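Dear colleague,

Please find the structure below.

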Amino acid sequence: MNDKPLVCVQVQSVYIESQSSPDEERYVFAYTVTIRNLGRSSVQLQGRYWLITNGHGRETEVQGEGVVGEQPHIAPGEEFQYTSGAVIETPLGTMQGHYEMVDLHGNAFQIDIPVFRLAVPTQIH
């Protein structure tokens, strides 16, 4: 029987105008990540890796243990959601990366986080 972990990641980003200063090339975004365990056994998120790319192609790598200070265990059928933020120098950028996870038996695996946009909404007058 194949009991391979099945984890789904969804991300939504939003521009935080109140904390941004376009004149100083500071654009602040919040992103909410939902991690769903669609498998049959518990998993634990142990680490994260992000590649943040601004509109000029400048890349910033961020990695570390857990997310928002936690290394959550996610039971089958459950989800873990958190919100974090990123600051870039351009009104448009992207983020992508992966989570380092372990299953119930201590086997490590990686879950890719697909590319998502960090974009200041354009205003139509």
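The notes cover the sheet and then a single residue in it.

This is a predicted model, in which local features need pLDDT of at least 70 and side-chain atom pairs count only at pLDDT 80 or more, while totals for chains, interfaces and linings use all residues. Residues are numbered from 1 along each chain as its sequence is written, and side-chain values use heavy atoms, with hydrogens and water left out.

The sheet is open and has three strands in the order β1-β2-β6, with antiparallel pairing. Strands here are DSSP runs of E with at least two residues, numbered from the N terminus, and two of them pair if DSSP finds at least two bridges between them. Because β1 (7-15) and β6 (79-88) are at the edges with a single partner strand each, one side of each has no neighbour in the sheet. On average, neighbouring strands are turned by 20° against each other, direction ignored; the axes are lines fitted to C-alpha atoms. β1 and β2 (residues 27-37) are joined by nine bridges, and Val9 lies opposite Ile35 in β2.

Thr83 belongs to strand β6. Beyond its neighbours within four places in sequence, Thr83 is in contact with Ala30, Tyr31, Thr32 and Val68, contact meaning heavy atoms within 4.5 Å. The side chains of Thr83 and Thr32 make a polar contact at 2.9 Å (N or O atoms within 3.5 Å, one able to donate a hydrogen and the other to accept it).

Regards

Notes: Helix = DSSP H or I, 4+ residues; strand = E, 2+ residues; numbered from the N terminus. Axes fitted to C-alpha atoms, helices over the stretch in contact; angles between N-to-C directions.
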